[in-house]
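Subject: Structure handover, helix packing

Hello,

The structure is below, followed by notes on what was found in it. Please keep it with your working files.

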Amino acid sequence: MRGPAAPRLPDIIDNEATGDRRGHMFPQPGGQDADGDHDLPRFTMSVNGGYRGGMGANGGANAPAMLKGLTPELNGLLREAFTPTRPKQQLNGLFIGRNDTLRRIISAIEEERAHVILYGDRGRGKTSVANAIEKIAGQAGYLSLKLTCSGELSFEDIFRHFLKKIPSTYYRSALDNPFAARRNFASFNELLPDGTFSVTELNEVLAGIHATHVLLILDEYDRVLDEDFRNKLAELFKNLTDSSIPVTLLVVGVAENLDQLLGKHPSIQRSLVPVHLPLMTDQEIGRLIQAGAQNAGIEFAPDVVRRIAEFVRGLPYYAQLLGLHAARSAVSRGSKLVERPDLAYAVARCLQEAERGIVESYARALAADRRAELEDALLAAALCPADAYGVFDPKDLAGDSGELPSAATLDLLKRLTREDHGGVLAPVVEPGLERYRFRNQMMRQYVLMRQASERGQI
């Protein structure tokens, strides 16, 4: 097995690295802090962003949650420059690589008068794009409203929330009859009947909107599991389109395809423009890291930027996370240049903080005989070129050698789709061929970082 997989390894494993450090995956960067080893971790920034006292004269360096020498002020600066867990809120130099997607969404809303579904795997930056659209639409005069969905919110809850934010000044007050009495109310929510309401009743209320165009953004729609909710939303899509009401829906969610997000409603396909958020290119990942570095007043060594791009494979979440931890490591040792040891620390932190489900699936995948061969098969799959949906063809495992994968290699890939092997891979069956994708797309980055760390080749 090691034969077929080996040609792909140089893409991520540094040829200059030597030795094997398996079992030393999580080093303690910067050593131990004798003054604070046993203190409880602390929050390092106050709610209002100011300095929080009571942490010692060294500005919090004794807090084990922070690297030694990393003050709350510096930590806050780096957190603003690299935001892995917080979507981008501002349209500035830190918003990188999504112009084509923004243009497609704007065109669909503005020119095609269509509703939009923005979908893709986790960590690609869908919420950041939704935030950008919200602001861009607001600048253009749209009444742009955004809500994050949850399994607890009903269809009625969500649209009452939206209508409460649409003031009565936008009500079409009997335009055809100027002598009709104007209705006295504060927001459009008051026009709905008490309790539950039908999609038709909601449509009639929205039909009263005048002198604006309302953009309603439903983020994290994949969290909605209620089939009745999804059916009502599909009906609303169709009604709004048929009625030419100045209301557009932008639905954002984690999904591989539209059916997964919206269910099977063929009748609404003509009302929607699906926009799949692609992975970023290596060049865009590089620009993302450099923009964050510039904002924080530091610099990343070129080989570190290249290695980050190799690890993250186009996923901005991991680019931000590696950038943040590596920058913290450099600043804590008094340097403004992020180098390879800082990246090693960042990788260790990312592996420590990985989702439990990913770690458990990885362990089950390799908890069998032929572990070394399974490791190579998993690494080769992570290195294999994939399309925008993360799907790869086993034929591409050969890399530049041109040698097709052996029957043993293909058998190992099939084993990795089984639950007793973690169900790490999912088969994508098409006429005449069988391809694969990682069931959880973030597993790809975890495999690349973990294997590089265990082999001492970061």
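At roughly what angle do the axes of helix H10 and helix H12 cross, and within what distance do they come? The axes of H10 (residues 302–312) and H12 (residues 340–352) cross at roughly 25° and come within 9 Å. Axes here are lines fitted to C-alpha atoms, for helices over the stretch in contact, with angles from 0 to 180 degrees between N-to-C directions. Helices are DSSP runs (H or I, at least four residues), numbered from the N terminus.

This is a predicted model, in which local features need pLDDT of at least 70, side-chain atom pairs count only at pLDDT 80 or more, and totals for chains, interfaces and linings use all residues. Residues are numbered from 1 along each chain as its sequence is written, and side-chain values use heavy atoms, with hydrogens and water left out.

H10 and H12 are therefore roughly parallel to each other (angles under 35 degrees; 65 to 115 is roughly perpendicular, over 145 roughly antiparallel, and the rest oblique). On the H10 side, Asp303, Val304, Arg306, Arg307, Ile308 and Phe311 make the contact (heavy atoms within 4.5 Å), and on the H12 side Arg340, Leu343 and Val347 do. These residues divide into 5 nonpolar, no polar and 4 charged.

The second pair is H10 with helix H11 (residues 316–332), whose axes come within 9 Å and cross at roughly 140°. H10 and H11 are therefore oblique to each other. Ile308, Phe311 and Val312 of H10 meet Tyr318, Ala319 and Leu322 of H11. By class, this contact has 6 nonpolar, no polar and no charged residues (Ala, Val, Leu, Ile, Met, Phe, Trp, Tyr, Cys and Pro count as nonpolar, Asp, Glu, Lys and Arg as charged, and the others, Gly among them, as polar).

Regards

How values were computed
Helices (H or I, at least four residues) and strands (E, at least two) are DSSP runs, numbered from the N terminus.
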